[in-house]
Amino acid sequence: MKIRFNQVMPIPLASIQHSSESIWGNEVSFNTGQKILLNASSGKGKSTFTSSAVGLRNDYTGTISYDELDIKSFNEDDWTKIRREKIAVVFQDLQLFPTLSVKENLLIKSLLQPKYSEVELKNFLEFLGIADKWEQKCGLLSMGQQQRVAIIRALIQPFQWLIMDEPFSHLDVENTKKCLELIHQRCDEQKAGFILTTLGETHGTHFDSELKL
Amino acid sequence: MLRKLLFQNQDRKQLIIAITGAFLGITFLITSIHYLIKVNEFGEGAEILGPNTVIVQKRVSTSTTFNLTKTDFSSREIEKIKAESFVADVKPVISNNFDVSFETADPQVPRFRSDVFVQTLDPKFLDVKSDKWHWKPGEKIVPIILPRDFLVMLNTFMSAQGIPQVSDELAMQLKFKFTLSNDKSKEWVDAQIIGFTNEVPSILVPESFMEYGNKEYSLGKEQKITQIMISGRENEFGKVEQLMKERGLESKNSQIIVGRLKSMVGTLFLVVLGISIIAVFVSGLVLIQYMQLLMSKNAYEVKTLLRIGYHPKDLTKQFFFYFVKVFGVVAFIGTVVFLLLKFYLDDMFETGGIYIDTGLSYQSFTALLITFASFTFASFRTAKNGIFSNY
C-alpha cells in the first residue's frame, strides 16, 4: 500500500516556517516495504504526522492518500479494516490500558485478528525481557516496559505499514536494539514497511530513506 | 475483557437508584393500567345502560304533590344540563301516551294480566347486544326488556297459584302479549323477553314500537318528559352527582353507587398511573444519563479501542445491550411483582364484594412493551452518539 502526502500542511503548524526538505507542504510518497526514518526536532509535528497519517485528525490542508484514495473519504468500516489489517501504530503516549494486565492488553488486540497463541505472545515478551510482567497491570510498569508492550501489541497484528512515534524514548541502547530486531523481523515476514519518527537518533539500524519535518 | 474495560469506573449508587426507580415505576405502571381497565369494565354487559349513565327524575316533594312545582323536564332544562362540561349527553326517556296492558299468553303458565308502563331509551345509551332489538309495524313479535322486579312479582303470583316459578331462561321462552288501546280501537301484539334490567323500573320497548303506539293509540294528552338519561364523562361521575343534588334530581341508588365507585377507583388509579409514568420516565432518563456518564468516564478506553481497530458498532453494542439487559431484567421483575400484587389485590377486591374480571389486560403489557421499546431506542441512540463522538 502506497501512502502519499500531497501538499499536506497541518493547520496548527501553518504559521511555522518549514524547511524545503520538510514533508509539510511538499509531495512525498511512501512505497510498500520501505523503511523510513522521520527525523525532526520537538514541535515540528511528529505526532501530528502520525495522527494525520492514520486518520485520527483531519485538521490539515492538502491530501493524504492510500493507493491514491483520499483518506478523508474513508468511513468507519474502511478505517476499522485498515487499523486491523494494514497499518499498525505505536503511539507516542502508547495508548495502553493501565487497568488491564500486560496479557489482557495484548489479547484485546490479538482477539481482532488472532494470529499468535498466548505462548507465542509470551515469547515476544521474553525476547524483549519482560516475560515476568505477563500478569502485571500495565499502569504499574515503567515507561520503558510499557513501550515494549506497546511495540509488541503493534507487531502482533497483520500490517503493511508500521508507524512508530518515538517508540524508544524510554529504552536503553540494548533494549532498543532488541526491539528493532523484532520490528525488522516482523516487517520482513510481511514485506511491510515502517516509518519511525525520532528526535535525531538513528538507533544504529538500517533505513531505506530518511525524511525531515 | 471488553466488558471489564468499558464498565470500570462505575458509580453503583446511581445505577441502583435508577434501577429501583425503574422497577417501582414499571410495577405501578402495569398495575395501574390493568386496574384502570378492569374497573372501567366493571359492570359492563351486566346492565343495559352504558357506562357512567343514569336515569334521573325530579324528587317528589309535598309541593309537587300539590302541583306547586313540576316533576317534568322542559327542553330548556335539558339543554342546560347538556351544556355542562362533565356531561357527555342527555336524552329524554320516552314513556307511553296510550293505554297498554301486559299479559301472559302461554299455555304453560296461568293467565296474568296487568296494566303497565312502557318506556324506551335512546339506543345510544343502551348496551343491548341482542340482534333481536328491533321492531317495525306489521311485525308480530315485539322484543322487550323486563324489569327484574316484574319477574319477581310474576313468580310470586306463580307461587301463589301452586305453579313452579320460572327462571330467566325459561321466561325468555314464554309467550306474552301487549294490548294497545284507546277509546276507539284495540290491538294485540305478541311480546318476547330478550333481557332483564335492574336499572329501569318499567318495561323497555324499541323506539319504533313506542312511536307506533303513541301515534296510533294516542290518548291526546300532552306528553311530558318525567325522566331523562344523563351520561357523564369518564371519571367525572362525581360532578354528575353534584348536579343532581343541586337540581333536586334522584336516581336508583345502585346506579349511583357503581358510578361513584368506578369514578373514585378510576381516579385513584389514574393518579397512580400518572406517578408511574413520571417515575418510569425519570428513571429511564437517569439510566440514560448513567450510560452517558459511564461513556464519558471511559472515554480514553473507547478512543483507544477505536484506534487499535475496534469498530464503533462493536462498542455501541456493548453499552446498548448492557443497558437493555438491565432494563429488561427490571421489566421482568416488575411484571412478576405485578402478578403477585394482582393476586393479592384481586383477592382484596373480591373480599370487598367487587368481582372484577381477573384476566390479564393486554393494554398493560402493551404499555410495558412501548416503555421497553422507547428505552431501547433511547439507549441505542445514546450509545451510538456517545461512541461516534469519540471517533
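**Helix packing and chain contact**

Modeller: In this predicted model, H11(B) and H12(B) cross in a right-handed sense.

Colleague: What makes H11(B) roughly antiparallel to H12(B)?

Modeller: Helix H11 (residues 312–351) of chain B and helix H12 (residues 362–388) of chain B pack at an angle of about 155 degrees. Angles over 145 degrees count as roughly antiparallel, and therefore H11(B) is described as roughly antiparallel to H12(B). Their axes are 9 Å apart.

Colleague: Which residues of H11(B) and H12(B) make the contact?

Modeller: On H11(B) they include B:Phe319, B:Phe320, B:Phe323 and B:Phe327. On H12(B), B:Phe372, B:Phe375, B:Phe380 and B:Phe388 are among them.

Colleague: What is known of the side of chain B that touches chain A?

Modeller: 11 residues of chain B are in contact with 14 residues of chain A. Helix H10 (residues 299–307) of chain B gives the largest share of that side, three residues. By class, the side of chain B has five nonpolar, four polar and two charged residues.

Colleague: How many of the residues of chain B count as buried?

Modeller: The share is 31% of 391 residues; a residue is buried if 20 or more other C-beta atoms lie within 10 Å of its own. Chain B has 12 helices and 12 strands.

Methods
Residues are numbered from 1 along each chain as its sequence is written. Chains are lettered from A and ligands numbered from 1 in the order in which they are written. This is a predicted model: local features need pLDDT of at least 70, side-chain atom pairs count only at pLDDT 80 or more; totals for chains, interfaces and linings use all residues. Two residues are in contact if their C-beta atoms, placed from the backbone, lie within 7 Å. Helices (H or I, at least four residues) and strands (E, at least two) are DSSP runs, numbered from the N terminus. Ala, Val, Leu, Ile, Met, Phe, Trp, Tyr, Cys and Pro count as nonpolar, Asp, Glu, Lys and Arg as charged, and the others, Gly among them, as polar. A residue is buried if 20 or more other C-beta atoms lie within 10 Å of its own, exposed if 12 or fewer, and partly exposed in between; C-beta atoms are placed from the backbone. Axes are lines fitted to C-alpha atoms, for helices over the stretch in contact, and angles run from 0 to 180 degrees between N-to-C directions. Angles under 35 degrees count as roughly parallel, over 145 as roughly antiparallel, 65 to 115 as roughly perpendicular and the rest as oblique. A crossing is left-handed if the near helix is turned anticlockwise from the far one by less than a right angle, and right-handed if clockwise.
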